[in-house]
Amino acid sequence: MTVTLDRPMSTRTRDPKKLFNAVQPHVKHLTINVLDSGMTLWDREVALLLRDHTMVRDMAERILGDAVMYTIGCMEHPEVHLGVGKLVDIGVHQLILDTPVWWALCDAYNEGHYKHHAPFIERRRDGLCLRTADFLKSIGFDVDEELWAIDGTDCSPCDNKVPDSH
């Protein structure tokens, strides 16, 4: 007898650009807005970051890369409490705001379950940001140390106690 389990997409590579672009077949909503430009999902989100924030492309790609790593880390390991600093959080919010892409990320890496964003008002200052970077490294991601060190212990006010939230 053979038993198969439905599992989220495999993450053989830890390259955030490849992992993110692999989500494209999962985009099912507002595809004319998302897919008809001919851009990859990566290039789309970088363009949106550049549209809405004052930064150069290299910084937008760095932020997006670590936001993707963080998001997938949260989805793969819901039992681990993770959080980001203000800079990487810009990328996380970009992903969440592009709802057709966010739904596709949830479909691909969170077993189709929507991942909520339920922040507290006050930021945390307990070192969670640095512990998160260490955790992401431990699961094979090559985090941008500088982006995580900028905020150091000043971390996002997200809470893992809200069901399926980051």
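In this predicted model, the buried residues of helix α5 pack against α1 (16–21), α3, α4, α6 (99–109) and α8 (145–151). The residues of α5 that are buried are Leu-87, Val-88, Asp-89, Gly-91, Val-92, Gln-94, Leu-95 and Ile-96. Helix α5 itself covers residues 86–97, and its 12 residues reach 16 Å from the first C-alpha to the last, close to the 16 Å expected at 1.5 Å a residue.

Two of the partners of α5, namely α3 and α4, also pack against each other, at an angle of about 120° and with their axes 9 Å apart. An angle of 65 to 115 degrees would count as roughly perpendicular and one over 145 as roughly antiparallel; α3 and α4 are therefore oblique to each other. The crossing in which α3 passes α4 is right-handed. The residues that make this contact are listed by helix below.

| Helix | Residues in the α3–α4 contact |
|---|---|
| α3 | Trp-42, Asp-43, Glu-45, Val-46, Leu-49, Leu-50 |
| α4 | Arg-57, Ala-60, Glu-61, Leu-64, Gly-65 |

By class, six residues of the contact between α3 and α4 are nonpolar, one is polar and four are charged. Helix α3 spans residues 41–52, and helix α4 spans residues 57–76.

For the chain as a whole, the secondary structure comprises eight helices and zero strands. Of its 166 residues, 46% count as buried. Among contacts between residues at least 6 apart in sequence, 70% join residues at least 24 apart.

Note on methods: Residues are numbered from 1 along each chain as its sequence is written. This is a predicted model: local features need pLDDT of at least 70, side-chain atom pairs count only at pLDDT 80 or more; totals for chains, interfaces and linings use all residues. Side-chain values use heavy atoms; hydrogens and water are left out. Axes are lines fitted to C-alpha atoms, for helices over the stretch in contact, and angles run from 0 to 180 degrees between N-to-C directions. Helices (H or I, at least four residues) and strands (E, at least two) are DSSP runs, numbered from the N terminus. Angles under 35 degrees count as roughly parallel, over 145 as roughly antiparallel, 65 to 115 as roughly perpendicular and the rest as oblique. A crossing is left-handed if the near helix is turned anticlockwise from the far one by less than a right angle, and right-handed if clockwise. Contact means heavy atoms within 4.5 Å. Ala, Val, Leu, Ile, Met, Phe, Trp, Tyr, Cys and Pro count as nonpolar, Asp, Glu, Lys and Arg as charged, and the others, Gly among them, as polar. The expected span of a helix is 1.5 Å times one less than its number of residues. Buried means under 20% relative accessible area, exposed over 50%, partly exposed in between (1.4 Å probe, protein chains only).
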